[in-house]
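Here is my note on this structure, in numbered points. Please keep the model open while you read.

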Amino acid sequence: MRLTVLGGGGFRIPLIYRALLDDRGEGRVTHVTLHDLDASRMATITRVLAEQAAGVPDAPGVSVTTDLDEALTGADFVFSAIRVGGLEGRAVDERVALEEGVLGQETVGAGGIAYGLRTVPVADHIARRVAALAPGAWVINFTNPAGMVTEAMSRHLGDRVIGICDTPAGLGRRVARVLGVDPAAVSLGYAGLNHLGWLCAVRVDGRDLLPGLLHDDAALVSFEEGRLFGAERLRAIGAIPNEYLHYYYFHDETVAAARAARQTRGAFLAEQQRRFYAHPGGSALALWNSALLARESTYMAENREAAGAGERESRDLDAGGYEQVALALMRAITLDERATLILNVRNRGSIAALDDDAVVEVPCSVGAGGARPLAAEPLPSHARSLVTGIKATDRAVIEAATTGSRRAALLALAVHPLIDSVTLARRLLGRYERELPQLGYLRGRS
Ligand code: G6P
Ligand code: MN
């Protein structure tokens with residue numbers, strides 16, 4: 001089985017390789033081709049991978065290339081984990097929005113739109129090359145904003161592209177632990193878009209345990225989402241939101257916390273990774289491990305601080321994120337082993353408020369034929385309107401990115417519920433265009 005990883009110089013690639021090394025099963029990946037535009041970042045990452053593989057029999061071989069077509073040819077699976085504009089671009093996305101008084105975050109609000117405007121043109125190009133060179137390959141999209149990017153790629157690849165995120169599975173794991181039930185025995189009634197989903201039911205043997213959990217204050221304060229949103233708010237919502245919904249339900253607080261911080265998350269990570277990739281020598285793996293721990297333990301730190309939620313729990317630091325979801329998905333496809341996973345796929349009737357081609361994040365039945373969405377749990381009514389509103393902004397971004405329409409880019413910003421102003425949208429777009437060279441493709445009047 002040959003796997004190609006786009007964005008192969010990325011910081012989180014060793015997480016994927018570690019999961020591949022641990023996989024001793026039938027149909028395992030035997031060769032990994034890394035592709036990146038930056039050969040020197042890839043060289044640093046391959047040093048980490050070589051240390052990881054030391055002493056492991058049959059470790060998957062690793063090769064590198066900066067040529068996209070060469071990377072795609074012959075691939076069975078393609079992981080797309082690119083970051084257009086790098087973390088420096090992310091820092092701009094976040095800073096500009098915060099300076100204008102609105103949320104600056106990698107995937108949410110103005111920051112997410114700017115990131116999408118940079119990324120979708122590249123994702124669109126990759127999808128076309130995959131369709132031409134590796135039409136039988138499965139593409140697993142890790143690239144954020146994952147829902148929007150997966151939808152853009154699906155226009156060329158149909159159901160051959162599947163988007164993933166670790167947050168629904170992480171939420172499911174935490175809820176199962178609090179309920180004292182085996183995560184494998186729980187059916188998660190999760191529905192929404194990427195980073196915009198709600199856990200609306202938690203069934204064990206057909207019985208929904210969520211209503212009981214929502215009335216148990218002690219249980220609710222014992223896990224991350226319970227502490228972030230608070231028992232009262234969760235009961236009012238009647239579901240447990242994805243942690244990224246903290247930016248919506250507590251917008252003012254999270255903006256204030258981000259503005260008060262010394263630097264944005266993107267700027268912090270950019271600085272941290274500049275140090276890592278400069279590799280002062282010694283063990284690349286040891287350096288990588290300590291940078292990873294610093295990253296994981298500060299994840300959403302401002303949200304936790306704004307909510308008085310305390311430190312991140314150690315068991316949430318290393319619970320197996322994206323790479324575990326990706327491996328479970330690959331295994332189910334390769335071996336036709338039926339599995340239910342929460343994935344980003346085309347809706348096909350799963351969420352009634354959205355059309356069939358809208359990419360949604362819902363439980364899917366997976367096998368050799370790919371991922372098929374199951375009928376999703378009905379969403380709370382306010383959640384339905386958020387989902388349709390954000391889908392409209394995602395689609396305006398895709399339109400801007402694929403046609404070059406500045407008008408569509410402005411629309412995306414203006415109608416986003418966390419911006420909701422044409423005047424502000426105009427200012428944001430003007431600043432993003434000045435600071436982000438990757439938006440140079442936008443044309444026409446806004
Ligand atoms: C979670 C999200 C990802 C995000 C990651 C890292 O796992 O699901 O989409 O990329 O956190 O966030 P960070 O702020 O550390 O880049
Ligand atoms: Mn995610």
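1. Start with T143. This residue sits in the loop between strand 5 (138-141) and helix 6 (146-157). Helices (H or I, at least four residues) and strands (E, at least two) are DSSP runs, numbered from the N terminus. T143 counts as buried because its relative accessible area is 2%. Buried means under 20% relative accessible area, exposed over 50%, and partly exposed in between (1.4 Å probe, protein chains only). Leaving out residues up to four places away in sequence, T143 touches S80, A81, I82, T119 and V149. Contact here means heavy atoms within 4.5 Å.

2. A word on the basis. This is a predicted model, in which local features need pLDDT of at least 70, side-chain atom pairs count only at pLDDT 80 or more, and totals for chains, interfaces and linings use all residues. Residues are numbered from 1 along each chain as its sequence is written, chains are lettered from A and ligands numbered from 1 in the order in which they are written, and side-chain values use heavy atoms, with hydrogens and water left out.

3. Stay in the loop between strand 5 and helix 6, where P145 also lies. The peptide bond from N144 to P145 is cis, and its omega is near -10 degrees.

4. Next, the metal. Which protein donors does the manganese ion (ligand 2) have? They are C165 (SG), H195 (NE2) and Y322 (OH), at 2.2 to 2.4 Å from the ion. Donors are N, O and S atoms within 2.8 Å of the metal (3.2 Å for Na, K and Ca); water is not among the atoms, so sites may look incomplete. The spacing of the donor residues in sequence is C-x29-H-x126-Y. C165 and Y322 link distant parts of the chain, 157 residues apart. C165 is in the loop between strand 6 (161-163) and helix 7 (167-179), while Y322 is in helix 17 (residues 322-335). C165 is buried because its relative accessibility is 2%. Y322, at 14%, counts as buried too.

5. Look at the cores. A nonpolar core is a set of buried Ala, Val, Leu, Ile, Met, Phe, Trp, Tyr and Cys residues joined through side-chain atoms within 4.5 Å. In soluble globular proteins, nonpolar side chains tend to be buried together. Here the largest core has 101 residues, and W198 and L343 have the most contacts inside it. Helix 17 gives the most to this core, with 8 residues. L343 is in contact with residues beyond four places in sequence, including I162, V325, L329, V360 and A371. A second, separate core of 49 residues includes L68, L72, I126 and I398.

6. Now the open space. On a 1 Å grid over the protein atoms alone, a pocket is an open set of points with protein on both sides within 12 Å along at least five of seven lines; a cavity is a set where a 1.4 Å probe fits but cannot get out; lining residues have an atom within 4 Å of a point. The second largest pocket has a volume of about 740 Å³. A volume is the space filled by probe spheres set on the points, which are joined across faces, edges and corners. This pocket is lined by 28 residues, and A169, P183, L188, T340 and L341 lie nearest its centre. Helix 7, strand 7 (186-193), helix 17 and strand 11 (339-346) each give two or more residues to the lining.

7. How many cavities of 30 Å³ or more does the structure hold? There are 3. The largest cavity has a volume of about 210 Å³. Its lining has 18 residues, with T107, P145, N194, I390 and D394 nearest the centre. The second largest cavity has a volume of about 90 Å³. Helix 17 gives the most to the lining of this second cavity, with 5 residues.

8. D58 has a positive phi of about 55 degrees although it is not a glycine. D58 is exposed, because its relative accessible area is 57%. D336 also has a positive phi, near 50 degrees, and is not a glycine. D336 lies in the loop between helix 17 and strand 11. With a relative accessible area of 43%, D336 is partly exposed.
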